[in-house]
Amino acid sequence: MSTTRSTAPAFGETPDWGFDPRHPDFGPYWAGCVEERLLVPVCEDGHGFWPPRPHCSHCFRPTARWVETSGHGSLYSWTVIHRTRSPEFAAQVPYAVGMVTLADMSGIRMVGRVEADPAVLIEGLDLAVVFSDLQHGVRLPLWRPRLSVAAERTRP
Ligand SMILES: [Zn+2]
């Protein structure tokens with residue numbers, strides 16, 4: 001699977017987010033986020049890996065395709081941010097950033113914002129990805145407790 005649509009901002013348009021949505025290794029990932037699909041690269045031998053790179057971290061064969069994950073995972077570890085130098089996030093402190101083990105992609109852990117009261121976070125918490133519009137056409141994946149996401153989706 002590959003996606004060709006790009007909403008990446010032009011050079012010099014993004015604030016200092018600590019990542020560059022124009023990085024070529026991440027193109028399909030960010031395009032998938034725009035479509036609310038969490039994609040990971042897979043090599044010719046079928047290993048999923050993270051972060052994206054031209055070659056597999058297990059066998060060093062080239063990235064062959066991108067696959068959509070279930071968007072479910074469990075909280076492996078986390079930290080709570082109480083102060084930030086990014087004005088875009090200043091009004092949101094305190095917030096949690098966690099390492100999330102993907103449920104259906106063995107061994108892949110992603111780092112992302114966990115939208116939950118930091119006091120309720122526990123190791124193994126069942127999470128689901130949701131997507132939030134950031135700026136400049138970038139849609140950011142976030143993680144929420146899976147039960148709260150299910151409740152939001154069934155509301156009339
Ligand atoms: Zn491989």
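A residue is called buried here if 20 or more other C-beta atoms lie within 10 Å of its own, exposed if 12 or fewer do, and partly exposed in between, with the C-beta atoms placed from the backbone. Helices (H or I, at least four residues) and strands (E, at least two) are DSSP runs, numbered from the N terminus. With that in hand, let's start with helix 1: six of its eight residues are buried, so the rest of the structure largely encloses it.

Some ground rules before going on. Residues are numbered from 1 along each chain as its sequence is written. What you see is a predicted model, where local features need pLDDT of at least 70, side-chain atom pairs count only at pLDDT 80 or more, and totals for chains, interfaces and linings use all residues.

The score pLDDT is the predictor's confidence in each residue, from 0 to 100. For the protein chain the mean pLDDT is 86, and 87% of its residues reach 70 or more. Residues 1–11 have a pLDDT below 50, though in the model this stretch has 21 contacts beyond near neighbours in sequence. Two residues are in contact if their C-beta atoms, placed from the backbone, lie within 7 Å. Where pLDDT is low, the predicted coordinates should not be read in detail.

**The overall layout**

The protein chain has two helices and seven strands, and along the sequence they follow the pattern α-β-β-β-β-β-β-β-α. Of the 156 residues in the chain, 22% are buried. Take the contacts between residues at least 6 apart in sequence: 50% of them join residues at least 24 apart.

**Back to helix 1**

Which residues of helix 1 are buried? They are P28, Y29, W30, A31, G32 and C33. These buried residues pack against strand 1, strand 2, strand 6 and strand 7 (139–145). Just after helix 1 comes E36, with a positive phi of about 60°.

**How the strands pair**

Two strands count as paired if DSSP finds at least two bridges between them. Strand 3 is a handy one to follow. Strand 3 and strand 4 run antiparallel and are joined by eight bridges; one of the residues involved is V80, whose bridge partner in strand 4 is A96. Strand 3 also pairs with strand 6, again in the antiparallel sense, over three bridges. There, H72 has A128 in strand 6 as its bridge partner.

**The nonpolar core**

A nonpolar core is a set of buried Ala, Val, Leu, Ile, Met, Phe, Trp, Tyr and Cys residues joined through C-beta atoms within 7 Å. The largest one has 22 residues, and L75, V100, V114 and L127 touch the most other members. Helix 1, strand 1, strand 3, strand 4, strand 5 (109–114) and strand 6 (126–133) each supply at least two residues of this core. Helix 1 gives the most, with four residues.

What does V114 touch, not counting residues up to four places away in sequence? The list is L75, W78, A96, V97, G98, L121, L127 and W143.

A few places in the loops deserve a look.

| Site | Feature | Value |
|---|---|---|
| W50 to P51 | cis peptide bond | omega near 0° |
| V93 to P94 | cis peptide bond | omega about -5° |
| E36 | positive phi, not glycine | phi near 60° |
| F60 | positive phi, not glycine | phi near 65° |

Where do these sit? P51 is in the loop between strand 1 (39–43) and strand 2 (63–68), and F60 is found in the loop between strand 1 and strand 2. P94 lies in the loop between strand 3 (72–81) and strand 4 (95–102). As for E36, look in the loop between helix 1 (27–34) and strand 1.

Buried or exposed: which is E36? With 12 C-beta neighbours inside 10 Å, E36 counts as exposed. F60 is exposed too, having 10 other C-beta atoms within 10 Å.

W50 is found in the loop between strand 1 and strand 2, and with 16 other C-beta atoms within 10 Å it is partly exposed. Setting aside neighbours within four places in sequence, W50 is in contact with V40, I108 and M110. W50 and I108 are 58 residues apart in sequence, yet 6.0 Å apart in space, C-alpha to C-alpha.
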